[in-house]
Amino acid sequence: MVTWELNPGRPALLRVPAVADLAEGCAWLREHEAELTAALHEHGTIFLRGLPVAATEDVAAVRDVLIPEPTPYREKATPRSDFGNGVFSSTDLAAALPIRMHNENSYTLTFPGRLLFACLVAPEEGGATPTADVRKVLAGLPPHLAERGRSSGWTLGRSYSEYVSLPWRTAFGTEEPAEVERYCRENGITWEWLEDGTLRTDQLRPATIRHPHTGEEVWFNHLAFWNEWSLDPDIREAMVEEFGPDGLPFNTGFGDGEPVTREDVEALNAAYEAATVRETWRVGDVMLVDNVLCAHGRDPYRGDRKIAVAMGRPVDVLDCEPSVLPTTAVAA
């Protein structure tokens, strides 16, 4: 029997008993895997403190116990460093910038069921990886927003550029336009090649799904994360002026074709904030996140910070009773 520390505003925390080395720590994790999974389904996020994790190889060893089935990183949207063996950096974004709440790869047809974060270098200040239980987010939304997302889904439009966001060659991992088109065709994505070589894509995805094991309905999407109204006002104005309202690197809408308003985004982000918990990183900490039950983000920070990430236990959206079937947002 393990003992969890439960405190308001913080994730469920478990202090792992002292172990001689990582091999013994991994054996302890295997022994208590059922209890860890039960806690993960209850809380959405569990924080493990006390494992001797100091290098990316250690992260891979813990990953092999907790999430042995890997999930490919598809439709890349943010820069990451590849540490090898399926271990990556958390998003390589300027330290002063926060990263808003999102469920990893909510826009792909297959996404990771579990995420593992491990602290190799703790920042001097800030830099937590907060999470938000999206069961609570859904319950905290204004009823009309929850129902609109449930009934119409959400759309994602992307413009892949060499200058902002990621170029299509990086996002799709190929140099061949035909391979991009094949992927889009197989994954319900509409594409368009502009005269300057820019790729534009659109897709429709469900805004709510059900957890494949617990059956609970959750708010699962990037609707607020990539909406123009989540941008800093000055940045939004400059980007709209530069790229036009239809040429932003990312933008979202409701599946019925109606735009998302500033008030909608404010309500969405407020629901995430109300459900958010966070823990200050210490070297060796491991955080396991059920990606269907919890969104995650990043706080701004000062000083060096190295958080390694691994993803696994792939989930097919069709196994999650999506409220709207994923498809192309616009007829090809």
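Predicted model: local features only at pLDDT ≥ 70, side-chain atom pairs only at ≥ 80, totals over all residues.

Stop 1: Select residues 20-310. An unreviewed UniProt entry places the feature "domain: TauD/TfdA-like" here. Colour the span by secondary structure: 30% of it is helix and 27% is strand.

**Stop 2: the cavities.** Rolling a probe the size of a water molecule over the atoms shows where empty space is left. How many cavities of 30 Å³ or more are there? The count comes to three.

**Stop 3: the largest cavity.** This one has a volume of about 150 Å³. Next, highlight the strands β5 (99-102), β6 (110-121), β17 (294-298) and β19 (306-316), each of which supplies at least two residues of the lining. Which strand gives the most? That is β17, with three residues. Colour the lining by residue class and you will find five nonpolar, six polar and four charged residues.

**Stop 4: the second largest cavity.** Here the volume is about 100 Å³. Select Tyr73, Thr78, His102, Glu104 and His222, the closest to the centre among the 13 residues that line this cavity. By class, the lining of the second largest cavity is made up of five nonpolar, six polar and two charged residues.

Note on methods
Residues numbered from 1 in each chain as written. Heavy atoms only, no water. UniProt positions renumbered as here; feature names shortened; annotations may be inferred. Helix = DSSP H or I, 4+ residues; strand = E, 2+ residues; numbered from the N terminus. 1 Å grid on protein atoms, 1.4 Å probe; cavity = no way out; pocket = protein on both sides within 12 Å on 5 of 7 lines; lining within 4 Å. Points joined across faces, edges and corners; volume = space filled by probe spheres on them. Nonpolar A, V, L, I, M, F, W, Y, C, P; charged D, E, K, R; others polar.
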